[in-house]
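Hi everyone, thanks for coming along. Please bring up the structure on your screens, and we'll walk through it together.

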Amino acid sequence: MSTPQINISSLNFNDIKESLKTYISGIPEFNSLDYSASGINSLLDVFAYNTLYYAYYANMIANESFLDTAQLETNFLSLLKPLGVLLPGKSCATAEITANSSLGRTITSYDDYVIGFTNTNLTYRFFTIEDIDLDINNTTFKVYEGVDVAKDLELTVNLETQKVFVGSSAIDIDTLTVTVDGEKWEQYKGNNYVGPDSKVYFIDRTFEGFYILFGKRTVNDLSNNYGKEITASNIVKVSYIIPTGSSGNNVNSFSSISNATIVSNTVSAGGTNAPDLEKYRYSAPKIFAANDRAITKDDYFGLLFSSNLLPSNIDSENKINIWGGEENIVTGK
């Protein structure tokens, strides 16, 4: 009598258990067992659950290894890094405000704020990320909602790794400002040459939060730096905003502040509690494929998306008007 093969075509619990029962009963030493008895039935349950568990685990590992099927934010972090795409954390709701001041007024970044009101009289604080000088003429500027703010927070950079942890993933990295000895440095976004004297920094994200990196050395020549290094004498400070997230959206009115009058504003929008994984699943390959060139429609979409110029509700090129020369139809001379 030949021993039956285990059926591995189904991952349903009952099918797995029935397959195990059929397999064991085909062994002469066990074909007389009562498989409905509590003892052997319990053993079959354990074996079936164990098989189901490992089958599910293996399936999840396979799914989480690819951008097309990954579901967990932590795995998106790893999958996007080789593509040169940074997955953000929470994001601030933003609004545009037009204001003036007859006495002259400077709105100090990360310090002064306006109060925003919703239709239900909930209040939120909105900050600027750069100093705004007001006079009698109307000035329009952008404000960012924040539940917590850090201004000129001094950091200690590991001089060997040129790396420093700046905080949790709740930081809106679009509000991050980095200064070295009082001079603002720019975040490198892959669109220009970086040499050993370039005053740039890089951002890396883990599930715990964000790291700032300076002076990365090239692989082929360790004597040359990909950006200027931080030395022991440098003073590095950061400023940033931590938003409440989506609850900061739909703020439709703002209070004036001392020596300044708000004459108009837009309704706040764009606040999120977490990155839109589907949006990055779609856009990240286009950003990588464009490689900072602008030739095809997908190239332009990738560049626009990575520049943070698009509104938060734009998640495909079908929602923006990009026209390519190949679409030009010549009807006649």
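Let's begin at Glu183, which counts as partly exposed because its relative accessibility is 37%. The cut-offs here are under 20% relative accessible area for buried, over 50% for exposed, and partly exposed in between, using a 1.4 Å probe and protein chains only. Before going further, a word on the source: this is a predicted model, where local features need pLDDT of at least 70, side-chain atom pairs count only at pLDDT 80 or more, and totals for chains, interfaces and linings use all residues. Residues are numbered from 1 along each chain as its sequence is written, and side-chain values use heavy atoms, with hydrogens and water left out.

Back to Glu183. Which residue does the side chain of Glu183 meet in a salt bridge? Its partner is Lys199, at 2.8 Å from N to O. A salt bridge means a side-chain nitrogen of Lys or Arg within 4 Å of a carboxyl oxygen of Asp or Glu. Glu183 sits in strand S10 and Lys199 in the loop between S10 and S11, so the pair ties together parts that are 16 residues apart in sequence. Helices (H or I, at least four residues) and strands (E, at least two) are DSSP runs, numbered from the N terminus. Lys199 is also partly exposed, with a relative accessible area of 34%.

Now look at what surrounds Glu183. Val180 stands opposite Glu183 in S10, and S9 and S10 pair in the antiparallel sense over 3 bridges. Two strands count as paired if DSSP finds at least two bridges between them. The two form a hairpin with 2 residues between them, and Asp181 in the turn has a positive phi of about 55 degrees. On to S11: strand S10 (residues 183-187) pairs with S11 in the parallel sense, over 2 bridges. There, Glu186 stands opposite Val200 in S11.

Let's zoom out to the sheet. What is the order of its strands? This open sheet of 7 strands runs S7-S15-S9-S10-S11-S12-S8, with mixed pairing. S7 and S8 are the edge strands, each pairing on one side only.

The structure holds 7 salt bridges, and one of them joins Glu73 to Arg205, with the closest N and O atoms 2.5 Å apart. Glu73 belongs to helix H3 (residues 73-80) and Arg205 to strand S11, so this pair ties together parts that are 132 residues apart in sequence. Is Arg205 buried or exposed? Arg205 counts as buried, because its relative accessibility is 2%. Next comes Asp204, whose side chain meets that of Lys81 in a salt bridge (3.1 Å, N to O).

Last stop: the nonpolar core. In soluble globular proteins, nonpolar side chains tend to be buried together. A nonpolar core here is a set of buried Ala, Val, Leu, Ile, Met, Phe, Trp, Tyr and Cys residues joined through side-chain atoms within 4.5 Å. The largest one has 22 residues, and Leu176, Val178, Tyr201, Ile212, Phe214 and Val238 touch the most other members. Strands giving two or more residues include S7 (148-155), S9 (177-180) and S11 (200-205), while S15 gives the most, with 4 residues. Apart from this core lies another, of 16 residues, among them Tyr124, Phe141, Val251 and Ala260.
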